[in-house]
Amino acid sequence: MRVMKLFLLKTYFCIIYNYEHNGSITANISNESFDDYILLAFNDNDCIGVAESKIFPVNGNSVYPLMIYGNTSNHIYLKALHKPSNTYLDIKETFTFTPDMRLGSAHNPVILNIEDELNGLSIKNPYPNPFNPTVNFDISLFDDNKVSIDIYNIKGQKI
């Protein structure tokens, strides 16, 4: 996860110098745990802003202070990177970049809504694989769920 985050930040910092103007969106993601997400802004295919949540000390609320960059009025769309599952989720709200724009504040943030729902679990990193009699894997549950696991061999037979 740290490597991907460093790659994102490295790519982001290389791109911002292509833009003359900046603006900001101070936002909050509704009904979500603020520590689980990184907020990203895109203009076409370029990442033009990255923000992790910060605690606003006056009222203790978490906000995403998103600085975005651009040259002209462009369409901005947002994604939320769900860190535990390493999944990008679309944000329903879209914006138009204008130089020196300021949307929201720490007292009154722009509320963002995630368009996609995470499914209830993530299975990662089967090891050692594929030529061993045993396999280990990591499973993450995002809600309180009961899980039933069926294992099949290479012939499609349930073990």
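This is a predicted model: local features need pLDDT of at least 70, side-chain atom pairs count only at pLDDT 80 or more; totals for chains, interfaces and linings use all residues.

Residues are numbered from 1 along each chain as its sequence is written, and side-chain values use heavy atoms, with hydrogens and water left out.

Sheet. I looked up an open sheet of four strands and found the order E3-E2-E6-E7 with antiparallel pairing; strands (E, at least two residues) are DSSP runs numbered from the N terminus, and two of them pair if DSSP finds at least two bridges between them. Strand E3 (46–52) and strand E7 (87–97) are the edge strands, each pairing on one side only. Strand E2 (residues 37–43) is joined to E3 by six bridges, and I saw that Leu40 has Val50 in E3 as its bridge partner.

Aromatic pair. I found one aromatic pair in the structure: Phe42 and Tyr77 are stacked, at 5.6 Å centre to centre and 20 degrees between the planes (ring centres of Phe, Tyr or Trp, the last by its six-membered ring, must lie within 6.5 Å, and planes under 30 degrees apart count as stacked). Phe42 belongs to strand E2 and Tyr77 to strand E6 (residues 74–82), 35 residues apart. Phe42 is buried, with a relative accessible area of 14%, whereas Tyr77 is partly exposed at 27% (buried means under 20%, exposed over 50%, partly exposed in between, with a 1.4 Å probe and protein chains only).

How values were computed. Rings of Phe, Tyr and Trp (its six-membered ring) pair if their centres lie within 6.5 Å; planes under 30 degrees apart count as stacked, over 60 as edge-to-face and the rest as tilted.
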